[in-house]
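Please work through each task before reading its solution.

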Amino acid sequence: MSVSIGQHVPDFSAPATGDTQITLSDYRGRQVVIYFYPKDSTPGCTTEGGDFRDHKADFEAANTVILGVSRDGLRAHENFKAKQGFNFELISDKDEALCQLFDVIKLKKLYGKEHLGIERSTFLIDTDGKLAREWRKVKVKGHVEEVLDAARELNAAP
């Protein structure tokens, strides 16, 4: 079962970079952007992460935390984060629990071969822990700005 717009996102806890354990309920009172990406150190994922990195202060001004998620392990995440200077945590979802919760594992084609992989997707959770917005089949160019606009609008709403 995956979460839908307007529903509370079930509390979860997952290992992340910086030797941390991310627990969603720890962010109550703040908005949370969770973006799922296919693989560390690949061109699209590097660009997307860089865009979030470059707009982190803007997201913070909109009372919004950024979290990246892929199925890569913590060592790969730490290397990716350090090399790209990411200023937010990356969650390792090796068991695909978060991927299943947000329904981002899809059948993909690469070089004519089909495989199951993460469909690039982003989710905006409001201050009460409800899913406010989702973007699926994300194209990287201009995406972070669109998410930022949505975070600002949500933060400004009464």
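**Exercise 1.** Determine whether Phe86 and Phe88 are buried or exposed, and classify the pair that their rings form.

*Solution.* Step one: Phe86 and Phe88 are both buried, where buried means under 20% relative accessible area, exposed over 50% and partly exposed in between, with a 1.4 Å probe and protein chains only. Step two: the ring centres of Phe86 and Phe88 lie 5.3 Å apart with planes at 15°, so this pair is stacked. The criterion for Phe, Tyr and Trp (its six-membered ring) is that centres lie within 6.5 Å; planes under 30 degrees apart count as stacked, over 60 as edge-to-face and the rest as tilted.

The model is predicted: local features need pLDDT of at least 70, side-chain atom pairs count only at pLDDT 80 or more, and totals for chains, interfaces and linings use all residues. Residues are numbered from 1 along each chain as its sequence is written, and side-chain values use heavy atoms, leaving out hydrogens and water.

**Exercise 2.** Describe the buried and exposed faces of helix 3.

*Solution.* Step one: helix 3 spans residues 74–84, and its buried residues are His77, Phe80 and Lys81; helices (H or I, at least four residues) and strands (E, at least two) are DSSP runs, numbered from the N terminus. Step two: these residues cover an arc of only 95° around the axis, which puts them on the same side of helix 3; the arc is that of the directions from the helix axis to the C-beta atoms. Step three: the buried residues of helix 3 pack against helix 1 (43–54), strand 4 (64–70) and strand 5 (89–92), with contact meaning heavy atoms within 4.5 Å. Step four: the face turned away from the buried side carries the exposed residues Arg75, Ala82 and Lys83. Step five: just after helix 3, Gly85 adopts a positive phi of about 65°.

**Exercise 3.** Summarise the chain as a whole.

*Solution.* Step one: the chain comprises five helices and nine strands. Step two: its C-alpha trace spans about 50 × 35 × 30 Å along the principal axes. Step three: 46% of the 158 residues count as buried.
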